[in-house]
Amino acid sequence: MSDDESSQEGVDGMIGGGVVSSDQAVAHGVSGSGGGVSMQMLQAHPARKRAKLSNGGKKSISSSSKTRPVVKLMVTSVSRSYSEPWRRRQQRESSGTGFLIRWKNSDLLDGEDECKNGKVDSIRILTNAHVVRNASTVRARASFGPYVVSCDVEWVSLPLDLALLKISSGDWNEFCKGWSFGHLSTSASKATIEEVKRDEGDDKESASDIAPTATKTEEGNPGKDAEPPADARSDAPNDVAVAGEDATNDGNAKKRKPSSLSSKKNKSSDSGCLTLSAGLPKLDENVTCVGFPQGGTQISVTRGVVSRIDVDSNYVLRIQIDAAINPGNSGGPVFDERGQVVGIASSHLRAAANIGYIIPSKIVALFLQMCMDGMEVKVEDRFSGLGELVVRTENFEDEPKHVPGVPNLAIHGSQTLESKALRRHLGLEDLDVSGGVRIVGAVGSKIGRASEDAPAGSDGESNVGGNGNVKEGEETAAGNGGERLLGEDVLLAINKIPIGMDGTIQLSETRPDERINFRSLVTCQRVGSRVTLDVLRNKQRRELDVVLDMSRFLMAQYDDFDACPLYVVVGGCVFSPLTLPLVNEKKTKGQSSFSRFYREQRSGNEQVLVLSKVLNDEVNVGYHGWKSLVLKSVNGYEPTNIQDLVAVLVRKMPETIEFRCQVVGQDDANYVICMNLKDVLQSEERVLNKHMIASWCSKDAMAKELREEVEKYEPSEAKRVLCWNTMKAMRVILMRKKER
């Protein structure tokens, strides 16, 4: 949790510039777990005692090996406003925690050019995405000395709440010196290469003796003396690669063979970096949380046990612990008894005692492997078909790269089958099937029973991508040979793992008494992976081979991932796409009326447009105070997204503009905003100047075709720049087309 003053609230609980769930996850302040000193002493003492007993007499891991790789992140950020999308918020400062990891260990020094160019950057800093979101500057401070370096956000996943930071090139040598990585500094690179060349002959002669040992070490198979205990993790899936491994197309990890140069330096690098655990910790296992929470300036260590393994609102695995997690802890490592990182501290619940959440190392390894493989999400998959304009920034090359979001089965939801009557109706009892869940609806298809003779995926839907265009040469769950779930299907198993009638599965084969939501089998995969589904369709069992696609929410969830602040001002009425950041800024004590849109998926480039607010003026008398209404039509036309709305306003407006809006949940009740077009155009500059708004709409709200048309009929660049600012000027230019 980053130690700052304000946050955004939403579906899942993040501390410090993140989102807060309906189960009241704390965004700021000290959690209940940080109460009286006597209570902490009572909790910590038995935890330490258990740790001594479970070590079996072995020497405990030193605290310095845990704390030295941990850094304090000092972040300056400037976020964007969604309630007033024409401006940015005030600059703020916050802090969080991160820790050093080894990065691409076998590809560090593949050639002399990398060393000469100072690209020997084999260390990265891992932290939470909400710690560095909208960051303008990020600086990392050592926990053991007065060393501070600048960092750049290289990779980020807002859905997984993970980020990877890279040491700035100008501070790399200073970092290597302060953190005792002198062999990785630019000045040492040339000498190191010469040393390797001299030893090259010896390395080749002894390759037969050295290679097996190096391979075992790299593959995580230590000697007999270092064999893991009997209760070591055994539930890590084969298709989740860990840091330092390559992933093949089928999802299996492929070990790299260490180069002669990197293998010489791995031992020194590892001494200052942390190692991820291969699987999930067990319940009641001792854990140690390290970070820089509020209440002091130095590093802090708290202890507790694993309380629960569950999923978050996106059905992604998370672990609940009772160790104190407070603002500033976000991004810090959580260790098990063997000194391995089992998770990253992320959030805790408001008004609850000793309930904190960490991101499991299993999910962290998945994120790191996607970063290593360069799985950068396409902009058209991030935004609602508006990618080419939304990402139009001057310094786009400096922006962090995003990995794909959370995969899903392209369904609207599922229903448990505890009802015997429902199970009989679906034909489960005739087949003697005891588990399964009913699919309530599929994305992009009408809810209903599939045709008996229709092939899988041929329910009348075309193979479309996130921007509404056909993805040529790709197999998806919607067509081109890809199969999909349909409404009324009964999902019985995923990858031959049976689903219970309550929608849960076994956590693992070695832990049959622990159960978890069945969607966790999907969210721990990479986007594009294939899963095998056992389905009952029309009372007949069949097997589907489904390609997992990225979640595309109708109500965009994350700022700068699938959401950006867009607006249109017409007669003082401000219209914007419905996004979760917008709802959070308009938060109320009760549940938002837009909650029905939270998990709904989109199949194309559609958006829900809302009347965000009304800027009071004489032109809109009678509508003052109106807000949070869903826009249904403009003069009888129903716009699909904000670019469609802008195109209608500058092309097809009669003398009177009529907006028809609805309150969420009242589909049969219309509220009408009626204004004279001439009055709207005359009042436009007055309204914009009064509220210091530079343009009547976002530049990104103008479709590419509209911009090209304006550029065609206005050859003067100076006049063209000015015409973007008002609807009146754009209409004048487009009128020339009709005159010609």
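Start by selecting helix α15: its buried residues are Ile642, Gln643, Asp644, Leu645, Val646, Ala647, Val648, Leu649 and Val650. You are looking at a predicted model. Helix α15 spans residues 642-651, and with nine of its 10 residues buried, this helix is mostly covered.

A side-chain oxygen of Asn641 comes to within 3.1 Å of the backbone nitrogen of Gln643.

Now zoom out to the whole chain. Its secondary structure comes to 19 helices and 32 strands. Of the 740 residues in the chain, 54% are buried. The accessible surface is about 33,700 Å², and carbon and sulfur atoms account for 47% of that surface. Among contacts with a separation of 6 or more, 68% join residues 24 or more positions apart.

Time to go inside. In soluble globular proteins, nonpolar side chains tend to be buried together. Select Phe367, Leu409, Leu491, Ile494 and Leu533: in the largest nonpolar core, which has 66 residues, these five touch the most other members. Then color helix α9, residues 361-372, which gives the most to this core, with nine residues.

Stay with Leu491 for a moment. Which residues does Leu491 touch, leaving out those up to four places away in sequence? They are Leu409, Gly436, Val437, Ile439, Leu485, Ile499, Phe518, Leu533, Asp534 and Val535.

For the last stop, select Cys564, Val680, Leu706 and Met730. These residues are included in a second, separate core of 52 residues.

Key. Residues numbered from 1 in each chain as written. Predicted model: local features only at pLDDT ≥ 70, side-chain atom pairs only at ≥ 80, totals over all residues. Heavy atoms only, no water. Core = buried A, V, L, I, M, F, W, Y, C linked by side-chain atoms within 4.5 Å. Buried < 20%, exposed > 50% of the residue type's maximum accessible area, 1.4 Å probe, protein only. Helix = DSSP H or I, 4+ residues; strand = E, 2+ residues; numbered from the N terminus. Contact = heavy atoms within 4.5 Å. Polar contact = N/O pair within 3.5 Å; in protein donor to acceptor, adjacent residues only side chain to side chain. Areas by Shrake-Rupley, 256 points an atom, 1.4 Å probe, with all protein chains shown as cover.
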